[in-house]
Amino acid sequence: MDPTQWDAPFPLIVATLFCIVLTRSNATYWAGRLVARGAHRTRAARWMDSSGYRKAVDRLNRWGAPAVSLSFLTVGVQTLINLAAGAARMPLTRYIPATVVGSIAWAFLYGTVGFVGWEALVLLWEHSPVAAVAAGLAAVAGLVWFIVRQLRRSQLVDDLETGTDD
């Protein structure tokens with residue numbers, strides 16, 4: 001189902017894609033909230049009430065909105081990030097704007113190039129599986145680098161706020 005092949009005006013294609021992805025991302029967020037609520041009734045409650053978990057939730061709620069928006073430009077990560085945002089009970093005042101921005105980007109991306117990126121990866125795999133794996137590893141390395149950089153920055157901010165410099 002390639003949206004570039006739909007026989008409809010471009011604004012209608014983008015609006016339709018926007019509504020689809022906004023509905024899907026919010027459904028995933030609320031599923032995460034329900035899962036977390038249910039987990040509080042199990043042995044996981046002890047873990048979820050720990051200071052380490054609370055710190056992680058605070059960081060996600062503080063720095064997670066850009067991750068939510070950027071996740072819409074990925075394949076396979078978007079659902080997990082929206083689920084985590086719901087499980088961590090990211091405030092809707094941060095989540096909704098982030099998901100709207102991401103949904104707009106996703107709608108324009110898929111409304112213009114459709115599945116060209118996926119088709120390019122398939123062609124690369126057919127030509128050279130090694131190059132396709134290398135491209136995937138480079139993408140993962142870039143994502144890891146970005147996440148580590150953000151974590152270091154947030155730790156620096158925390159250290160400055162608490163007056164420690166470990």
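Predicted model: local features only at pLDDT ≥ 70, side-chain atom pairs only at ≥ 80, totals over all residues.

Residues are numbered from 1 along each chain as its sequence is written, and side-chain values use heavy atoms, with hydrogens and water left out.

**Fold**

The protein chain has seven helices and zero strands, and its pattern along the sequence is α-α-α-α-α-α-α. Helices (H or I, at least four residues) and strands (E, at least two) are DSSP runs, numbered from the N terminus. Among contacts with a separation of 6 or more, 76% join residues 24 or more positions apart; contact means heavy atoms within 4.5 Å. Of the 166 residues, 27% count as buried, where buried means under 20% relative accessible area, exposed over 50% and partly exposed in between (1.4 Å probe, protein chains only). The accessible surface comes to about 11,000 Å², of which 69% belongs to carbon and sulfur atoms. Accessible areas come from the Shrake-Rupley method with a 1.4 Å probe, and for residues only the protein chains shown count as cover.

**Nonpolar core**

The largest nonpolar core has 15 residues, of which Leu17, Val68, Ala85, Met90, Tyr95 and Trp106 touch the most other members. Helix H1 (10-39), H3 and helix H5 (92-112) each supply at least two residues of this core. Such a core is a set of buried Ala, Val, Leu, Ile, Met, Phe, Trp, Tyr and Cys residues joined through side-chain atoms within 4.5 Å. Beyond its neighbours within four places in sequence, Val68 is in contact with Ile81, Asn82, Ala85, Met90, Tyr95, Ala98 and Thr99.

**Aromatic pairs**

| Pair | Centre to centre | Angle between planes | Class |
|---|---|---|---|
| Tyr29 and Trp30 | 5.3 Å | 85° | edge-to-face |
| Trp106 and Tyr110 | 4.7 Å | 35° | tilted |

Rings of Phe, Tyr and Trp (its six-membered ring) pair if their centres lie within 6.5 Å; planes under 30 degrees apart count as stacked, over 60 as edge-to-face and the rest as tilted. Tyr29 is buried, at a relative accessible area of 0%, whereas Trp30 is partly exposed at 41%. Trp106 and Tyr110 are both buried; because they are four residues apart in helix H5, about one helical turn separates them.

**Two single residues**

Asn82 lies in helix H4 and counts as buried because its relative accessibility is 1%. Beyond four places in sequence, the contacts of Asn82 include Ser25, Thr28, Tyr29, Val68 and Tyr95. Asp49 is found in the loop between helix H2 (44-48) and H3, and with 45% relative accessibility Asp49 counts as partly exposed. Leaving aside neighbours within four places, Asp49 is in contact with His40 and Arg54.

**Surface patch**

A nonpolar surface patch of about 890 Å² is made by Leu70, Leu73, Leu109, Val113, Val116, Leu143, Trp145, Phe146, Ile147 and Leu151. Patches are made of residues with over 30% relative accessible area and no salt bridge, with like charges joined within 9 Å and nonpolar side chains (Val, Leu, Ile, Met, Phe, Trp, Tyr) within 5 Å. A salt bridge is a side-chain nitrogen of Lys or Arg within 4 Å of a carboxyl oxygen of Asp or Glu. Helix H7 (residues 129-162) gives the largest share of the patch, five residues, while Leu73 is found in the loop between helix H3 (51-71) and helix H4 (78-87).
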